[in-house]
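Hello,

Here is the structure we talked about. Please open it alongside this email; my notes follow below.

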Amino acid sequence: MVDITPADGIPPAEVAEVELYHPHSWWTKYVFSQDAKVIAIQYSATATGIGLVALVLSWLMRLQLGFPGTFDFITPEAYYQFITMHGMIMVIYLLTALFLGGFGNYLIPLMVGARDMVFPYVNMLSYWIYLLAVLVLVSSFFAPGGPTGAGWTLYPPQAIMSGTPGGQDWGIILMLSSLILFIIGFTMGGLNYVVTVLQGRTRGMTMMRLPLTVWGIFTATVMALLAFPALFVASVMMLLDRVLGTSFFMPAISEMGEQLPHNGGSPILFQHLFWFFGHPEVYIVALPAFGIVSDLISTHARKNIFGYRMMVWAIVGIGALSFVVWAHHMYVSGMHPYFGFFFATTTLIIAIPTAIKVYNWVLTLWRGDIHLTIPMLFALAFIVTFVNGGLTGLFLGNVVVDVPLSDTMFVVAHFHMVMGVAPILVVFGAIYHWYPKATGRMLNETLGRFHFWVTFLGAYLIFFPMHYLGLMGVPRRYAELTDMTIMTESAHHLNSFISIMAFIVGFAQMVFLFNLIWSIRHGREAGGNPWRATTLEWQTPQTPPAHGNFGKDLPIVYRWAYDYSVPGAKEDFIPQNMPGSFGPSREPA
Amino acid sequence: MAVALVLVLIVVGSVLFHLLSPWWWTPIASNWAYIDNTIIITFWITGFVFAAVVLFMAYCVFRFRHREGNRAAYEPENKRLESWLTIVTAVGVTALLVPGLFVWSRFVHVPSDATDVEVVGQQWQWSFRLPGKDGKLGTSDTRDVTADNPLGVIASDPNGQDDVVVEAADLHLPVGKPVKMLLRSIDVLHDFYVPEFRAKMDMIPGSVTYFWFTPTKTGTFQVLCAELCGQGHPLMHGVVMVDTQQDYVAWLGQQQTFAQLSAPQQTGSADQAPGKTTASGLKIAARLETVGSR
């Protein structure tokens, strides 16, 4: 135990060390594990598995769009099932689960200097319920009528009517049930992450010394806990409409000559509930990415993150503002047109803290000592992609500009850039960065660089030209782009090009998966701190960290997470747990 | 070095693509050139920011790349710079928002001389209703929809008797006259979208939504459904023909009113309308075939 003098301003340990409840069997160590690090890997592996399904679905839909009429098995019904499952899997079951369940579980306890999450048993349950949600979702592929084809937004009335695949079969019921399970599982994990950050920090780790990764995941989790209930109630209500014949979202309807037994419900109520969840959801995915990429840039540019306090407040500000912008998804939904003034204003205001984050990332590069490692390359690619996708958000957020562009391929291009490709580039950067900590070995450099260039440039070539199809007026969610007077021959060629790029980029992900598996045994030995980073996860006595993370004594934190290239220090980084002073502190307090 | 070069190439390539590619919006055929202008302003501002940020990154990557003996500067904050950047961004955002809201205000306020035109969506076809000589559309209710009253016009409303009903056929509009499109659906969400008019709005069963525009060019324009409405969604095309006043009047003279259509001797003629739902509970497959063959 390190002696702490009161002069250091750090309170003494309040609780004596206790014997940890270490697992005693293979089952409790690797399967029903309560160790956040194992749970993190379980979450990540499951999310990656279901993400591969979504990748294949995207290939199938691109086959149809790029080469219409060539593949008979892709009927309109099948096409709508593909886009629906692709969207839902990517947003909820891959990105949300990976950032919060995967990175949140792995990094929060290590980065705040805790031995584990504060409620390990509930944390374990969280994963198993998530797995159940995924299995229910997958089961819809094998159910009569197949999965739902209502689009990932599941707008009623069509979501539960017979003109939509799965609407009057099992598809929609399984989808809604799976979402309900996911939210229950997430809530268990989410409460854990929040309480661990608030209560589980080690001595000296003030909130303003937390790495931005933790700030990003923490804020996103708080938001998710507030936003998911809206989706939860919407799912329950739609399930009641579908199964018991209630009319929450169902007005009087004449379906193909037949009067349905519903009356008085409001389809637009569902849209409000959905987007009250759905917009914060964008930032639930984006904020962890913002936090992680800040740490990647700082570490690999050997420079403190520029404007740390501004970065924290931007994260919190974006999180708060994101709850008052939801109806910008509904400008042409038929809601009261005066809402447009309010929501366009709030939406464009959110661009300001977002822009500040971008400036601070590039200003961190400025006068840095930039090591072009693979995590840094992915971070740079993230900035390019995110700036591009964020700026097209200024088109869609500005209510009247959205009118011609909404429901076109412009929207598809925009949200793939900003919340698809950009966060996934951060996921890749983060995996290349933390893989050595989780396995003790480095990922293969050559394969990594190949994966990076194909993914970054390929994804840009897919989604940048796609905006122009939308500008032309090509609608999204069209299983067939035939007989359309606005589409020129060359626009069809562009679609074929986009499809070919999608196959190439998808192939590069197989190389990445191979690298992940191959390097576990054959990667170069990494050592405990290969990137010479400051944060606590790199200072663990063992790599990979053992159960309990930090050995006998928890670390004590003396400084913020960004003491890189401090003048007067011998090394160009000072770990957070290293005592001592190097001239007057310039750490933002 | 290579990385900096690629970043520069991305900026140059994107700008060249924007300027040279053949993919651009369709020639406008309505009064909403304001919207196109707002898009152009947005392209300029966002294009400038994109180029500035990425080129600055390219410069940093080139100038501050790691070389032996390099050491990064230590500068946690720079309040002046941060405030300046915030102010400049706020100004840029305002420059986008103000014209946008100004045009939106025009978009939602319908001129008083606009004529009502009702559009009714159903899986997967478009129908239309125009007010008769009284200038008023009769009220409607989805529960009144039957094979003989496909739009659900309330028969007891005298205003509805002279309404012109155009079922599952082309809509004609006179050029140069503002129209208020009253949008209605009898089953699921649809969205009436003509790319050349730039305007669109969802149609919600149980509600009447609207937008307005003035057609400025004669010609034939394709209507697309822009809100996912089931598996027939991509087939839900329609046609709007913008006519000279003379042609329009001639077309209008050939149309039938609600009273004429609902008179007993007229029921037999219903089969003439293509895509007509003659029996309740029509199977989806048959429905799709009907829609697809048009």
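In what order do the five strands of the open sheet in chain B run? The order is 3-2-1-5-8, and the pairing is mixed. Please keep in mind that this is a predicted model.

The sheet first. Strand 3 (164-166) and strand 8 (209-213) of chain B are its edge strands, each pairing on one side only. From one strand to the next, the twist averages 25°. Strand 1 (residues 115-122) and strand 5 (residues 179-185) of chain B run parallel and are joined by seven bridges. For one pair to click on, take B:Val119: its bridge partner in strand 5 of chain B is B:Leu183.

Next, the domains. Chain B splits into domain 1 (2-64 + 79-108) and domain 2 (115-267 + 281-293). The centres of these two domains of chain B, taken over C-alpha atoms, are 38 Å apart. Eight residues from domain 1 of chain B and 13 residues from domain 2 of chain B make up the contact. On the domain 1 side, five residues are nonpolar, three are polar and none is charged.

Last, the contact between chains. In chain B, 88 residues are in contact with 99 residues of chain A. The elements of chain B that give two or more residues to its side include helix 1 (2-20), helix 2 (33-63) and strand 9 (219-225). Helix 3 of chain B gives the most, with 14 residues. By class, the chain B side has 51 nonpolar, 25 polar and twelve charged residues.

Best wishes

Definitions and conventions: Residues are numbered from 1 along each chain as its sequence is written. Chains are lettered from A and ligands numbered from 1 in the order in which they are written. This is a predicted model: local features need pLDDT of at least 70, side-chain atom pairs count only at pLDDT 80 or more; totals for chains, interfaces and linings use all residues. Domain bounds come from an automatic or database domain assignment. Two residues are in contact if their C-beta atoms, placed from the backbone, lie within 7 Å. Ala, Val, Leu, Ile, Met, Phe, Trp, Tyr, Cys and Pro count as nonpolar, Asp, Glu, Lys and Arg as charged, and the others, Gly among them, as polar. Two strands pair if DSSP finds at least two bridges between them. Helices (H or I, at least four residues) and strands (E, at least two) are DSSP runs, numbered from the N terminus. Axes are lines fitted to C-alpha atoms, for helices over the stretch in contact, and angles run from 0 to 180 degrees between N-to-C directions.
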